[in-house]
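The sequence and structure are shown first.

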Amino acid sequence: MSSKVLCGVYGVIALVALIATWSQNAAYFGNPGGFLMDFFNDSKVTPASRSLTVDIILFFLSAAILMVVEARKHGVRFVWAYVVGGLAIAISVTFPLFLIARELRVGRSETSRLGAV
């Protein structure tokens, strides 16, 4: 798979994630000052919501570590912006954006090859 196609796929994932997450987050904007409290309280309502919350938090931690390690390894600049963006926007948006930046850096020095699964 070419680097351009891979970056395109990551870009589509980031765009879909942005729309999907923030179309739901917008429901919390009607309560001034209570956005974060209401959001976090609702994330603890059911066992399913707690499971998803813990899953996303632990994925965020793993992704943040990977982003820092890979950024240092490949010279991706402003890795802190992807980590902070993951907290402020959504990790499902910023992680694919980081993967694009990484692919562009790696693509300069080698060709990405993904085999058939």
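## Salt bridges and pocket

Lys-73 and Glu-70 lie 3 residues apart in helix 3, so about one helical turn separates them. The model is a predicted one. In it, the side chains of Lys-73 and Glu-70 meet in a salt bridge, with an N to O distance of 3.9 Å. Glu-70 also forms a salt bridge with Arg-102, and here the closest N and O atoms are 2.6 Å apart. This second pair links distant parts of the chain, since Glu-70 belongs to helix 3 and Arg-102 to helix 4, 32 residues apart. The structure holds 2 salt bridges, and Glu-70, Lys-73 and Arg-102 are linked in a network of them.

| Residue | Relative accessible area | Class |
|---|---|---|
| Lys-73 | 60% | exposed |
| Glu-70 | 10% | buried |
| Arg-102 | 23% | partly exposed |

The classes follow from the cut-offs, because buried means under 20% relative accessible area and exposed means over 50%, with partly exposed in between. Glu-70, at 10%, therefore counts as buried, while Lys-73, at 60%, is exposed.

Helix 3 itself has 28 residues. From its first C-alpha to its last, helix 3 reaches 40 Å, close to the 40 Å expected at 1.5 Å a residue. Which residues of helix 3 are buried? They are Ser-49, Phe-60, Ala-63, Ala-64, Met-67, Glu-70 and Ala-71. Gly-75 follows helix 3 and has a positive phi, near 75°.

Helix 3 and helix 4, which the Glu-70 to Arg-102 pair links, also contribute to the largest pocket. That pocket has a volume of about 820 Å³. Its lining consists of 24 residues, and those nearest the pocket centre are Asn-25, Phe-39, Phe-40, Ile-56 and Ala-90. At least two lining residues come from each of helix 1 (3-25), helix 2 (35-42), helix 3 (47-74) and helix 4 (79-109). Which helix gives the largest share of the lining? Helix 4 does, with 7 residues. Sorted by class, the lining of the largest pocket has 15 nonpolar residues, 8 polar residues and 1 charged residue.

Technical notes: Residues numbered from 1 in each chain as written. Predicted model: local features only at pLDDT ≥ 70, side-chain atom pairs only at ≥ 80, totals over all residues. Heavy atoms only, no water. 1 Å grid on protein atoms, 1.4 Å probe; cavity = no way out; pocket = protein on both sides within 12 Å on 5 of 7 lines; lining within 4 Å. Points joined across faces, edges and corners; volume = space filled by probe spheres on them. Helix = DSSP H or I, 4+ residues; strand = E, 2+ residues; numbered from the N terminus. Nonpolar A, V, L, I, M, F, W, Y, C, P; charged D, E, K, R; others polar. Expected span 1.5 Å × (residues − 1). Buried < 20%, exposed > 50% of the residue type's maximum accessible area, 1.4 Å probe, protein only. Salt bridge = Lys/Arg side-chain N within 4 Å of Asp/Glu carboxyl O.
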